[in-house]
Amino acid sequence: MNKLSSSQVNSDQIQQEIAQYAKQIASSPQPAEVHAHLGKLYVIQQQWQKAQACYEQAVKINPELAAAYLNLAQIWEQLGDQQQVAHNLFLALKLKPKAASAEKHYELGKTLQSQHRPGRAIASYRRAINIKPDFLSAYQSLRALLLQQ
């Protein structure tokens, strides 16, 4: 008897799940979480465009689904689009600020500032300060940006 490797069995299971979710979505409207789960399955298989489409459908259905924005940021990282990474990370952290450290909010603020998105950079610096009130670098960056406006 020919034994399949565990990765092949895993891959076959994932393919079956993908087929089930795709059929379910095609037959009737589904909640955002169903699209997000299908997106996760595509991520496991590194099918970035299909995963992206699923997560974008999920946030279209439920714009408050922070996890979908975080996953979109990771997909855009794989696809090499730093503007989309920052955009989706900003949306996720706007919904769930405590999902990241003050330092992560600060780094996002710096990225957004370098992308000439001052409003979003200011919001990110403020979230960093809310999480860590003694974060001097965040205050300095916020002050400098506000003075430029």
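Q46 counts as exposed, because its relative accessibility is 57% and exposed means over 50% relative accessible area, while buried means under 20% and partly exposed lies in between (1.4 Å probe, protein chains only). You'll find Q46 in the loop between α2 and α3. Its phi is near 55 degrees, a positive value in a residue other than glycine. H116 is another one to look up: it sits in the loop between α6 and α7, and it has a positive phi of about 60 degrees although it is not a glycine. With a relative accessible area of 69%, H116 is exposed.

A quick word on what you're looking at. This is a predicted model, where local features need pLDDT of at least 70 and side-chain atom pairs count only at pLDDT 80 or more, while totals for chains, interfaces and linings use all residues. Residues are numbered from 1 along each chain as its sequence is written, and side-chain values use heavy atoms, with hydrogens and water left out. The helix names come from DSSP runs numbered from the N terminus (H or I, at least four residues, for helices; E, at least two, for strands).

**The core**

Now for the inside. The largest nonpolar core has 41 residues, and Y55 and L108 are the ones with the most contacts inside it. A nonpolar core here is a set of buried Ala, Val, Leu, Ile, Met, Phe, Trp, Tyr and Cys residues joined through side-chain atoms within 4.5 Å. The elements that give it two or more residues are α1 (6–27), α2 (32–44), α3 (48–61), α4 (66–79), α5, α6, α7 (118–131) and α8 (136–148). Of these, α5 gives the most, with 7 residues.

Which residues does Y55 touch, leaving aside its neighbours within four places in sequence? Y55 is in contact with A36, G39, K40, V43, A68, N71, L72 and I75, where contact means heavy atoms within 4.5 Å.

**How the helices cross**

Axes are lines fitted to C-alpha atoms, for helices over the stretch in contact, and angles run from 0 to 180 degrees between N-to-C directions.

| Pair | Axes come within | Crossing angle |
|---|---|---|
| α5 and α6 | 10 Å | roughly 140 degrees |
| α5 and α7 | 11 Å | roughly 45 degrees |
| α6 and α8 | 10 Å | roughly 25 degrees |

As for naming the angles, those under 35 degrees count as roughly parallel, over 145 as roughly antiparallel, 65 to 115 as roughly perpendicular and the rest as oblique. So α5 and α6 are oblique to each other, and α5 is oblique to α7. By contrast, α6 and α8 are roughly parallel to each other.

Handedness comes next. A crossing is left-handed if the near helix is turned anticlockwise from the far one by less than a right angle, and right-handed if clockwise. The crossing of α5 past α6 is left-handed; for α5 and α7 the crossing is left-handed; and for α6 and α8 it is left-handed too.

Which residues make up these contacts? Between α5 and α6, A86, L89, F90 and L93 in α5 meet K104, H105, L108, T111 and L112 in α6. That set splits into 6 nonpolar, 2 polar and 1 charged. (Ala, Val, Leu, Ile, Met, Phe, Trp, Tyr, Cys and Pro count as nonpolar, Asp, Glu, Lys and Arg as charged, and the others, Gly among them, as polar.) Towards α7, the α5 residues H87, F90, L91, L93 and K94 meet R120, A123, S124 and R127, giving 4 nonpolar, 2 polar and 3 charged. On the α6 and α8 side, Y106, K110 and Q113 meet S137, A138, S141, L145 and Q148, with 3 nonpolar, 4 polar and 1 charged residues.

R127 belongs to helix α7. Is R127 buried or exposed? At 12% relative accessibility, R127 counts as buried. Apart from neighbours within four places in sequence, R127 is in contact with F90, L93, K94, P97 and H105. Its C-alpha atom is separated by 9.3 Å from that of A138, 11 residues apart along the chain.

Over in helix α1 is I14, buried with a relative accessible area of 11%. I14 and L38 are 24 residues apart in sequence, and 9.7 Å apart in space, C-alpha to C-alpha.

Finally, helix α2 holds H35, which counts as buried at 8% relative accessibility. Setting aside residues up to four places away in sequence, H35 touches I25, Q30, C54, Q57, A58 and I61.
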